[in-house]
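Below is a short briefing on one protein structure. Look over the sequence and the model before reading the points.

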Amino acid sequence: MSELKVFAKWDTSGVEFRDRGMARYINVDAVRAPSGSAPSNERFRDEVPVVERFVNKLMRGGRNTGKKAKMFRAVEDAFDRIAESTGENPVQVFVQAVENSGPREETVRLKYGGIAVQKPVDASPQRRVNTALKHLAEAVYSRSHKSGEGVSEAMADEVARASDYDMESYAVKKKEETERVASAAR
């Protein structure tokens, strides 16, 4: 049986998960080209490779809507940059970034009479993965549009910072902010 490789370059067999709850929802299967698969049912969302789900999040809004091949090239270039700068498997770095960017608890709004009250709730592992991918995509979008750097440079930097749990990372900041709001609502 052949090895599974993302973009036919990086091996996924040695990818380790530190968060066992999220491991089920982070699919590191091989991604070679846009597959066009986008299961609408939330139950099957974990079957789509996490790299492809990230590409789908990057296509949201603005000038990149529907440009999946362009985003795949940007992600592949960012993975090349991550491998060059860190010397590690970029798939492992990306998985660590997703694990570090998913908030463990969030708040919901409850209405008692005419008063809205925030109540903390634990976030499910699938929601944590979805939120982490959303925050990483938002960070890439804002960094590449506010500064003069390209999408792949912004993506490589954001993923590397999030995998190191650097507070300069937008995704890690958003996670900490969400958890702080939830703990204040106790």
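This is a predicted model: local features need pLDDT of at least 70, side-chain atom pairs count only at pLDDT 80 or more; totals for chains, interfaces and linings use all residues.

Which elements are among those that cover the buried residues of H7? They include helix H4 (90–101), strand S3 (105–112), S4, helix H5 (125–146) and helix H6 (151–163).

**The whole protein**
- The protein has 7 helices and 4 strands.
- Starting at the N terminus, the order of its elements is β-β-α-α-α-α-β-β-α-α-α.
- Of its 186 residues, 44% are buried.
- Among contacts with a separation of 6 or more, 61% are between residues 24 or more positions apart.
- The protein has an accessible surface of about 10,000 Å², and carbon and sulfur atoms account for 48% of that surface.

**Helix H7**
- Helix H7 covers residues 170–184, which is 15 residues.
- At 1.5 Å a residue the helix should span 21 Å, and this agrees with its end C-alpha atoms, which are 21 Å apart.
- Ala171, Val172, Lys175, Glu179 and Ala182 are the buried residues of H7.
- Viewed down the axis of H7, these buried residues lie within an arc of 100°, so they line one face of the helix.
- Arg180 and Ala184 are exposed, and they sit on the face of H7 turned away from its buried side.

**A nonpolar patch**
- On the surface, Tyr112, Ile115 and Val117 form a nonpolar patch with about 310 Å² of accessible area together.
- Ile115 belongs to strand S4, residues 115–122.
- Ile115 counts as exposed because its relative accessibility is 55%, and the cut-off for exposed is over 50%.

Note on methods. Residues are numbered from 1 along each chain as its sequence is written. Side-chain values use heavy atoms; hydrogens and water are left out. Patches are made of residues with over 30% relative accessible area and no salt bridge: like charges are joined within 9 Å, nonpolar side chains (Val, Leu, Ile, Met, Phe, Trp, Tyr) within 5 Å. Accessible areas come from the Shrake-Rupley method with a 1.4 Å probe; for residues, only the protein chains shown count as cover. A salt bridge is a side-chain nitrogen of Lys or Arg within 4 Å of a carboxyl oxygen of Asp or Glu. Helices (H or I, at least four residues) and strands (E, at least two) are DSSP runs, numbered from the N terminus. Buried means under 20% relative accessible area, exposed over 50%, partly exposed in between (1.4 Å probe, protein chains only). The expected span of a helix is 1.5 Å times one less than its number of residues. The arc is that of the directions from the helix axis to the C-beta atoms. Contact means heavy atoms within 4.5 Å.
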